[in-house]
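Please look through the sequence and the model shown here.

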Amino acid sequence: MLDENPKYFDALETRSADARDAEQLVRLNAQLASNGMAAVPSLDDLRSLPVLRKADLVARQAEAPPFGGLPVTNLAHVFQSPGPIYEPGGVSHDWWRMGRFLHAAGIGPGDVVQNCFGYHLTPAGMIFESGARAVGAAVLPAGVGQTELQVRAAKDVGCTAYAGTPDYLKVILDKADEMGVRLAFARAAVGGGALFPSLRAEYADRGIACLQCYATADLGNIAYESPAMEGMIVDEGVIVEIVRPGTGDPVPPGEVGEVVVTTLNPDYPLIRFATGDLSAVLPGLSPCGRTNLRIKGWMGRADQTTKIKGMFVRPEQVAEFVGRHAGVHKARVIATREGEMDVMTVQVEAEGLEAGALADSAASVLKLRGRVEIVAPGSLPNDGKVIDDQRKYD
């Protein structure tokens, strides 16, 4: 139900942190019970539970199709994403929680949304359509392609808003210019790709306010921009953690790490699902008045597995190496080339330790011998990388 204050989708967006934590804990423990797991006393105790990675889910689904034995209820659709991986879909109100983002983007009753996300096998088209329905907007289910027909339909139907990837809107607008057709788009809700500042500025010059969200086929909406455009506000229906890549351990506030999400959707309860994406928590609250946690948005991929000297080095191994030594705060494996040979350097933030003392430990865990360099605590970049492949392949 929409909030009486038209600025917000509902009252959940402006509640106190204590109220949010208490309500989410009740819902979380209900979902843990449905997964056959014990209740936790606080949201902080999520960190004690195992992380579910997409590769693990693919393997589980192969053994127990289509959903890997996870409890799925109220099933209305089954989707297939690359992997392959199968996702359920429901038709209850705002099942993927996209209405909150579309409302923040200024889309509502009286709007006609040209939905250029795909409707074939993957769920993106349905995700945004359900969101449009939640805010009372009509939908032109356009999908991707046949751009000339898209322009004609947008003109004839009077579409006022666009939903799709950031760059495809420009394709439509450029085709409209070529055809001499003026379109009525005033708002755009985008996802599924990077929204570069130059592209957002071009849309603004055309009179189109463009905001982006962070969503996945498995989880639905995770976070979204508001008109304040200061980071992305975490959706009220998920719990987001930022963890050190290769582990389930939360990083300090502001440090870049992997996004791990727990959905509070009783129809498909995913607990600590690792997205493979990197982000970081932003301090403070959004100037728009929404009070939930903010993240910086997509900052790269956490799966940094790299082959060095013919051997795979994985983030989990780097995390194991760090965990073996009380004086080690952080480590980073760097792959370079010297002549025609791979070289591995392990940079270690440590106090009171010598490089020689760590070399054997690093070789034992990483299964490769390389240089170990001690660096000052806090000197490694805050970019979420634990493996940095600096080799040139061109």
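Arginine 200 is part of helix α7, which covers residues 197-205; helices here are DSSP runs of H or I with at least four residues, strands are runs of E with at least two, and both are numbered from the N terminus. Because its relative accessibility is 18%, arginine 200 counts as buried, a word used for residues under 20% relative accessible area, with exposed meaning over 50% and partly exposed in between (1.4 Å probe, protein chains only). Leaving out residues up to four places away in sequence, arginine 200 touches Leu195, Cys210, Leu211, Gln212, Glu225 and Met229, where contact means heavy atoms within 4.5 Å.

The model is a predicted one, in which local features need pLDDT of at least 70 and side-chain atom pairs count only at pLDDT 80 or more, while totals for chains, interfaces and linings use all residues. Residues are numbered from 1 along each chain as its sequence is written, and side-chain values use heavy atoms, with hydrogens and water left out.

Glutamine 31 belongs to helix α1, residues 17-34, and it counts as buried because its relative accessibility is 4%. Not counting residues up to four places away in sequence, glutamine 31 touches Thr263, Leu264, Asn265, Pro266, Pro269 and Ile271.

Proline 123 lies in a loop, between β4 (112-115) and α4 (124-134), and with 3% relative accessibility it too counts as buried. Apart from neighbours within four places in sequence, the contacts of proline 123 are Phe79, Ser81, Glu87, Trp96 and Ala217. The C-alpha atom of proline 123 is 9.3 Å from that of glycine 220, although the two residues are 97 residues apart along the chain.

The protein chain is divided into domain 1 (17-301) and domain 2 (306-389), with bounds that come from an automatic or database domain assignment. Their C-alpha centres lie 35 Å apart, and nine residues of domain 1 are in contact with eight residues of domain 2. Between them the two domains bury about 680 Å², 58% of it on carbon and sulfur atoms; buried area is the accessible area (1.4 Å probe) that two parts lose on being put together, summed over both. In domain 1, Pro245, Gly246 and Val256 lose the most area to domain 2, together 51% of what that side buries.

Across this interface the rule finds one salt bridge, defined as a side-chain nitrogen of Lys or Arg within 4 Å of a carboxyl oxygen of Asp or Glu. The side chains of lysine 330 and glutamate 255 meet in a salt bridge, at 3.9 Å from N to O.
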